[in-house]
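Subject: Handing over a structure, with notes on what is in it

Dear colleague,

I am passing this structure on to you, and I would be grateful if you could look through it alongside the notes that follow.

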Amino acid sequence: MNIFFRVSAFVLVLAAVIFVPLKAYPETSKPDKKPVKTEEYKTALTLWHIDTFEGGVGSRADFLSGALTSREDDGIIVLVKTYTVSGMKTAFQKGEIPDMISFGIGAGEVIKYARELPQKGFSGGEFGKKQYAVPWCAGGYYLIEKGNDNRLIDGLLSGNDSKNNENTGLIVSQGENTMPVIALKFAGVTAENVSYYSPSEAYVKFLSEQNAVLAGTQRDLRRLEKRGVAFTAKPLHGYSDIVQYLSVTSKSDEKYKYALKIVDYILSESVQKKLYKIGMMRADGGKTDGEFYGYDFSKNEYTASPFLSAETIKQNQTALNGKITGENLPDNIKSCLKRLK
């Protein structure tokens, strides 16, 4: 009898070792972690997403992935993968080229692989008078002041209150690949006491300073809202380089055609109307849901070419950063801009 129980116990243990992992796999493995069976689709496309500036809230890559997986089944699967600019360059050097790239200013190497697009209407994505990139979401610059009045902001915009401008500290939130001074100059801002910080440092500095104005973005508005800080914000219309683009880079003519369908879908009303969920705006002139404190991207006259290199942007920042006067932009910086109107 003892032998019988020992054998039975052994069989039960062996069954548990073999059966439990197989049974548990569907319960513990997330759907997005399972290998995709691409043979079940007409085609599988790769989309690289590169963040080169701060967005609004959440992840733009996750937004893209969610929008693409929730669309009606059309036989096309899109695999979204995030890269840094340096990671993208390294992949290019290895000969790895995706079918599509979502990118912002500072990832200029994309132009080497981008194919001409039939989508028109946004000159910012043109290169040599041909369209190679289209915007799928955008942001903008603001002057932001703590409290409920615009006294400090008005002083910076008046252009003639020099004493107030000297006392007011203008904190400029400048990303590695953005040029906010251009937006300030287009808006007519003049400031003597100017300091430049990374976006996260600028926000912290702004909270701790008195008589300070923050030249920030929609991301800063979301931070202040979440923190419960009273503030006013003045949109700086005229220029914005906070634009996320799509380019098609597939070497395959067949996949190129499928990729164009995906671009059309991302630019469709059903996707664009949901941009407020990630705190971003439309760049096509359509109305964006959500609170953006009066910002209207369609009022911008200029943007920067998305195909600028990180090196060129850094040179422009060095030339621009300092006190902000009414002087015109240098010609070499003007050549980096794209007229939208």
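The secondary structure of the chain amounts to 12 helices and 14 strands, where helices (H or I, at least four residues) and strands (E, at least two) are DSSP runs numbered from the N terminus. Please keep in mind that this is a predicted model, in which local features need pLDDT of at least 70 and side-chain atom pairs count only at pLDDT 80 or more, while totals for chains, interfaces and linings use all residues. Residues are numbered from 1 along each chain as its sequence is written, and side-chain values use heavy atoms, with hydrogens and water left out.

Of the 341 residues in the chain, 47% are buried; here buried means under 20% relative accessible area, exposed means over 50%, and partly exposed lies in between, with a 1.4 Å probe and protein chains only. Among contacts (heavy atoms within 4.5 Å) between residues at least 6 apart in sequence, 79% join residues at least 24 apart.

I turn next to the sheets. Five strands, in the order β2-β1-β3-β12-β6, form an open sheet with mixed pairing, two strands being paired if DSSP finds at least two bridges between them. Its edge strands are β2 (76-83) and β6 (134-138), each of which pairs on one side only, and the twist from one strand to the next averages 20°. Within this sheet, β1 (residues 43-50) pairs with β2 in the parallel sense over 8 bridges, and Ile50 stands opposite Tyr83 in β2. Helix α3 (residues 85-93) lies across β1, β2 and β3 (100-103) and runs at about 135° to β1; for such values, axes are lines fitted to C-alpha atoms, for helices over the stretch in contact, and angles run from 0 to 180 degrees between N-to-C directions.

Strand β10 deserves a look of its own, since 6 of its 6 residues are buried. Ala212, Leu214 and Gly216 point one way from the strand, whereas Val213, Ala215 and Thr217 point the other way. β10 pairs with β7 in the antiparallel sense over 5 bridges, with Tyr142 opposite Gly216, and with β8 in the parallel sense over 4 bridges, with Ile171 opposite Leu214.

Helix α7 (residues 199-208) has Pro199, Ala202, Tyr203 and Phe206 buried. These residues are on the same side of α7 because they cover an arc of only 100° around the axis, the arc being that of the directions from the helix axis to the C-beta atoms. Val204 and Ser208 are exposed on the other side of α7, while the buried residues of the helix pack against β7 (141-146), β8 (169-173), β9 (194-197), β10 (212-217) and α8 (218-227).

In helix α2 (residues 60-70), the buried residues are Arg60, Ala61, Phe63, Leu64, Ala67 and Leu68. They cover an arc of only 160° around the axis, which puts them on the same side of α2, and the face turned away from that side carries the exposed residues Asp62, Thr69 and Ser70.

Two single residues remain to be described. Asn316 lies in helix α11 (residues 310-320) and counts as buried because its relative accessibility is 3%; beyond its neighbours within four places in sequence, Asn316 is in contact with Met179, Asn332, Ile333 and Cys336. Gly294, by contrast, sits in the loop between α10 (269-272) and β13 (302-304) and counts as exposed, at 55% relative accessibility. Leaving aside neighbours within four places in sequence, Gly294 is in contact with Pro235 and His237, and its C-alpha atom is separated by 8.7 Å from that of Ala233, 61 residues apart along the chain.

With kind regards
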